Amino acid sequence: MELAGLFPNLLTVNIMVDRLCKAKQLEEAHRIFESASQRGCNPDSVTYRSLMDGLGKKGKIDEAYRLFEKMLDAGNDANPGVYTSLIRNFFMHGRKEDGHKIFKEMIRRGCHPDLTLINTYMDCVFKAGEVERGRAIFEDTKSYGFLPDVRSYFILIHGLTKAGQARETSNIFQAMTQQGYALDARAYNVVVDGLCKSGKVDKAYEVLEEMKLKHVSPTVAAYGSIVDGLAKIDRLDDAYMLFEEAKSKGIELNVILYNSLIDGFGKVGRIDEAYLILEEMMKKGLTPNVYTWNCLMDALMKAEEINEALICFQSMKEMKCPPNTYTYIILINGLCRVQKYNKAFVFWQDMQKQGLTPNVVTYTTMISGLAKVGNITDACSLFERFKTNGGVPDSASLNPLIEGMSNANRPTEAYHIFEEARLRGCRVNETTCISLLDALNKFECLEQAAVVGAVLSEIAKSQHASRSL
C-alpha cells in the first residue's frame with residue numbers, strides 16, 4: 001500500500017497496530033505508529049492504548065507510561081480503556097503501588113471509570129492480596145453510578161475464597177440471586193468452591209441441584225469441589241455417590257477429583273478403597289501426581305503398613321514423579337513412629353541431597369529418634385543445623401538429646417544441653433534428669449550433679465503438691 005503511494009486511514013492504522021501488538025510484533029507496530037504521525041494521520045487514544053497494552057504485556061511498563069504521557073501531550077484525552085490497560089499491567093508485573101497511583105491520577109484528571117475498569121482494578125487488588133481494599137472497591141461501585149454485574153460478584157467471591165474468607169460467599173450468592181443475575185457455569189463453580197471451603201457443603205450441593213434446574217451443566221470443577229468438601233468431613237459414601245453421578249453424566253474427571261477420594265478414604269483407614277480409586281484413575285489414562293502418592297503413603301504409614309508405603313515410594317520414582325518435601329516428611333515421621341530411626345535417617349539424607357527443607361516437627365522427630373538409638377553424633381549434627389537454620393529447640397528435641405548423651409557417657413555435653421534447655425524455659429522431665437544425674441555421678445562431675453539433683457527435687461515437690469490437690 002505504501003509503495004503505491006497510499007497510506008491507510010486512522011481506522012486501518014488502529015486495526016493494524018492492535019493486531020501487531022497482539023501478535024507481539026511491537027517493532028512493526030511502532031513503525032506504523034510513527035509513520036502515521038509523520039504523514040499527518042495522528043494516532044488517537046485507541047492507537048495509543050493498543051501500543052501501551054503491547055508494551056505492558058512485554059514487561060516494558062515504564063515505556064508504556066512514557067507513551068501515555070506523550071499521548072496526553074499530543075492533546076488526546078485518556079479514556080477508561082487506557083487507564084484499564086495501565087492499571088492491569090502495573091499490577092501484573094508486581095508494581096501495585098504504581099497501579100493505585102494510576103487510578104488516583106485518573107480520578108484527579110476527571111476521567112470517570114467504567115464498570116470494566118472497576119472490575120479489572122478490583123480483580124488486580126484481590127490478586128495482590130489486598131482483600132479489604134478489594135472489598136471496598138466492590139462497595140464503591142454504586143458511587144460511580146454502576147450496579148455490580150456478574151463479573152463483579154465473581155471477582156468478589158473468588159477473591160474472598162482465595163483469601164480464606166469463604167464464609168461470606170453464601171450471603172453474596174443470595175444477593176446475586178435476589179437481584180436476578182443469571183450465573184454461568186464459571187460463576188457457579190466459584191460459588192460452589194467458596195461454600196465448600198467454608199464448610200457449607202450441603203448448601204453447595206443445593207447450588208449444584210439449582211444449576212441442573214436452570215439447565216447450566218455442572219462442570220468437573222463443581223463436582224470436584226463438593227466431592228472434596230464431603231471427603232474432608234468424612235462423608236465418603238456421599239462423596240463416592242457424587243463421583244459416580246459425574247461419571248454417569250460423561251464428565252471427564254481429572255486427577256484433582258480422584259485425589260480427593262484417595263485422600264478421604266486414606267484418612268479414615270479405608271486403604272483398599274483408596275487403592276481401587278487409584279487403579280481406576282490409572283486405567284483412565286490419568287497419571288498420579290505427587291499429591292496422589294503422598295495421600296496414599298500417609299495413610300499407609302499411619303496404618304503402620306511400612307513396606308507398602310515404601311513400595312509406593314518406589315513406584316512413584318519409577319513413574320518419574322519427583323518426591324517433594326511432604327513425601328519425605330511422611331516417610332521420616334512414619335518410620336520414626338515405629339522406631340525405625342536409622343531407616344528414617346537414610347531418607348533424611350536423601351532429602352538433603354534433593355535440596356528439600358524439612359519442617360520443625362521432622363527435625364525434632366529425627367533428632368529425638370537418633371538420640372534414642374544412640375546415634376549421638378548425627379543427632380548433635382542435626383541439632384546444630386536446626387538451630388543454624390533458625391529453628392527453636394523445645395522440650396521434645398532437648399530431652400531425648402540430653403538422655404541420649406547421658407546414656408552414651410557424654411555427661412559434659414549433656415549438661416550443656418540441659419543448661420540450654422533451662423535458659424530457654426523448656427521443661428526437663430524426670431527421666432531425663434535421672435539419666436543425666438547418673439552419668440554425672442559416674443564421671444564425678446559433682447558440681448553439675450548437685451544442680452541436676454536440685455532440679456530433680458523441685459520436680460518431685462511439684463508432683464507431690466499436684467497429687468495432694
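This is a predicted model: local features need pLDDT of at least 70, side-chain atom pairs count only at pLDDT 80 or more; totals for chains, interfaces and linings use all residues.

Residues are numbered from 1 along each chain as its sequence is written, and side-chain values use heavy atoms, with hydrogens and water left out.

Let me start with the pocket. On a 1 Å grid over the protein atoms alone, a pocket is an open set of points where a 1.4 Å probe fits, with protein on both sides within 12 Å along at least five of seven lines. A residue belongs to the lining if it has an atom within 4 Å of a point.

Which residues lie nearest the centre of the largest pocket? They are Gly224, Ser225, Asp228, Ile256 and Ser260, out of 18 lining residues. Helices here are DSSP runs of H or I, at least four residues long, numbered from the N terminus. Three of them, α11 (185-197), α13 (220-232) and α15 (255-267), each give the lining at least two residues. The largest share is that of α13, with seven residues. By class, the lining has seven nonpolar, seven polar and four charged residues. For the classes, Ala, Val, Leu, Ile, Met, Phe, Trp, Tyr, Cys and Pro are nonpolar, Asp, Glu, Lys and Arg are charged, and the others, Gly among them, are polar.

Ser225 sits in helix α13. Buried means under 20% relative accessible area, exposed means over 50%, and partly exposed is in between, with a 1.4 Å probe and protein chains only. Ser225 counts as buried because its relative accessibility is 12%. Contact means heavy atoms within 4.5 Å. Not counting residues up to four places away in sequence, Ser225 touches Val192, Asp193 and Cys196.

Val255 is in helix α15, and its 16% relative accessibility makes it buried too. Beyond four places in sequence, Val255 is in contact with Met281, Leu286, Thr287, Asn289 and Thr292. Val255 and Ala222 are 33 residues apart in sequence, and their C-alpha atoms are 14 Å apart.

Now the core. A nonpolar core is a set of buried Ala, Val, Leu, Ile, Met, Phe, Trp, Tyr and Cys residues joined through side-chain atoms within 4.5 Å. The largest one has 137 residues, and those with the most contacts inside it are Met52, Ile226, Ile332, Met366, Leu401 and Phe418. Leaving aside neighbours within four places in sequence, Ile332 is in contact with Ala344, Phe347, Trp348, Met351, Thr362 and Met366.

Thr325 is in helix α19, residues 325-337. Is Thr325 buried or exposed? Thr325 is buried, because its relative accessible area is 19%. With the neighbours within four places in sequence set aside, Thr325 is in contact with Met351, Leu356 and Thr357.

Next, helix α6, residues 96-108. The expected span of a helix is 1.5 Å times one less than its number of residues. For the 13 residues of α6 that gives 18 Å, and the end C-alpha atoms are 18 Å apart, so the two agree. Buried in α6 are Gly99, His100, Ile102, Phe103, Glu105 and Met106. An α-helix has 3.6 residues a turn, so residues three or four places apart point the same way. The buried residues of α6 pack against α4 (61-73), α5 (80-92), α7 (115-127) and α8 (131-140).

Lys101 is also in α6, but Lys101 is exposed, at 55% relative accessible area. Lys101 and Ile87 are 14 residues apart in sequence and 8.8 Å apart, C-alpha to C-alpha. After α6 comes Gly110, with a positive phi near 80°.

That leads to the backbone angles. Most residues other than glycine have a negative phi. His215, in the loop between α12 (201-213) and α13, has a positive phi near 60°. His215 is exposed, at 74% relative accessible area. Glu304 also has a positive phi near 60°, and Glu304 lies in the loop between α17 (290-302) and α18 (306-318).

That is the end of my list.
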